[in-house]
Structure formats: C-alpha cells, structure tokens
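Please keep the sequence and the three-dimensional view side by side while reading.

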Amino acid sequence: MPFITEEIWQAVYDGKPPLKSIALAAYPAGDEKQINLASETDMAVLQDLIVSVRNLRAELKIEPKLRVPIEIYAHGNGTRELIEGNRGAVERLATVEKVTFVEASLAKQAGARSTARFDVHVAYERKIDLGAERRRLEKELEPIEREITSAEKQLGNDEFLSKAPAQVVEARRKRSQELQILRERIQKQLNELG
C-alpha cells in the first residue's frame, strides 16, 4: 500500500511533487470550506433509513436476497425529496423492490420504525405457518423464562445479596432487565400472531 500511495501522490503533482516523497510531507489539515453540515445531515438520514430497513428485515427473518417493498411516511423538512433523489441507493443498499410514500404516520403499525425524519414499514406479506411460528417463538421464550426465574430467585435471596460482590449483583439485575425486554418482545410477537 505505501507504494501505491506514493504513486498516487506523485501523479497528483504530475510527477513534480513539492517534496521527494509523501513520507516527508506534513499530514494534510482539514479545510473548513469543504465541510458541509447539510450534506452530512442528509447522509445521516439516508444511513438511518437503510439501517432501519435492514433491522426490520432481520426481525422479520426475510431472506437476504429477497427484494421487498417498503412504505415511508416523511415528516417534512425535505425528507421525501431527499429519499426520492437517492431512491436507487436506498433500493440497492437495503435490498428494496419498491419505495412507496404514504400520507399517514406508520408509527403505530406493527413492525414499523420511527425516527424524527421518517417512519418506515416493510410491506412484506410472508405466508407463514402460524402454528409453526408460534411453536418457534414459544421455544425461544422457554430458556428466557428459565433464566428470569433463576435471576429472580437469586435477587430475592438475602444471603446471595449480602455475600456477592456489588458488581455481580448489579450485572445480574441488568441481565434480568434485558431478559424482561426480550420476553416482552417475544410475547408481543405471539400476541400479533393471534
């Protein structure tokens, strides 16, 4: 890599660089005139959209190569125009088949993501075996329930609380809270199945 860097540096100056080698040159300083906060904000919105769609795809267990349609509700501030102008990149990077803009908020819709700039929903109708999906979720819930029960026993045991180091007790409490959130998420999915 240093040889390639040297060749590029030499080429930038048409073979007549100010110094004999890039290794002798000072590290370049940032140019304040080249910083564009509006562009950085636009890029952050697009990245957030792509990450949100990818996370929704992972939660729905959609095959990575399957292109799916998405629905977006833009909260104004030029967000819709920004996404429209970069539709190709969004479709390519999030593996999206079609982007549809809707006129009502998607925040209360199951499986939607909301940010300050947009709400996004993957409009994926997967034909699933409800019984099999319910069994899978219940199987996923079993070890979580066992670990929660174990944690509650330990945290309810005064002897454990008095003898265990404070960081161990705190870690157990934190893990118990994480498990509670996981359990709620799985139970919500089970309720959505009916």
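Predicted model: local features only at pLDDT ≥ 70, side-chain atom pairs only at ≥ 80, totals over all residues.

Residues are numbered from 1 along each chain as its sequence is written, and side-chain values use heavy atoms, with hydrogens and water left out.

Helices (H or I, at least four residues) and strands (E, at least two) are DSSP runs numbered from the N terminus. Four strands make up an open sheet with mixed pairing, in the order E2-E1-E4-E3; two strands pair if DSSP finds at least two bridges between them. Strand E2 (96-101) and strand E3 (112-114) each have a single partner strand and stand at the edges, so one side of each is left without a neighbour in the sheet. On average, and with direction ignored, neighbouring strands of this sheet are turned by 20° against each other. Angles run from 0 to 180 degrees between N-to-C directions, and axes are lines fitted to C-alpha atoms, for helices over the stretch in contact.

Strand E1 (residues 68-74) runs parallel to E2 and is joined to E2 by five bridges. Within this pairing, Pro69 has Lys98 in E2 as its bridge partner. Helix H2 (residues 37-59) packs on the sheet and touches E1, E2, E3 and strand E4 (118-122); contact means heavy atoms within 4.5 Å. The direction of H2 makes about 30° with that of E4.

What lines the largest pocket? Its lining consists of 30 residues, of which Glu59, Leu60, Gly111, Gln189 and Glu192 lie nearest the centre. A pocket is here an open set of points on a 1 Å grid over the protein atoms alone, where a 1.4 Å probe fits, with protein on both sides within 12 Å along at least five of seven lines; lining residues have an atom within 4 Å of a point. Two or more lining residues come from each of H2, E3, E4, helix H5 (130-156) and helix H7 (166-193). H7 gives the most, with seven residues.

Most residues other than glycine have a negative phi. Lys61, although not a glycine, has a positive phi of about 55°; Lys61 is found in the loop between H2 and E1. Thr95 also has a positive phi of about 55° and lies in the loop between helix H4 (87-93) and E2.
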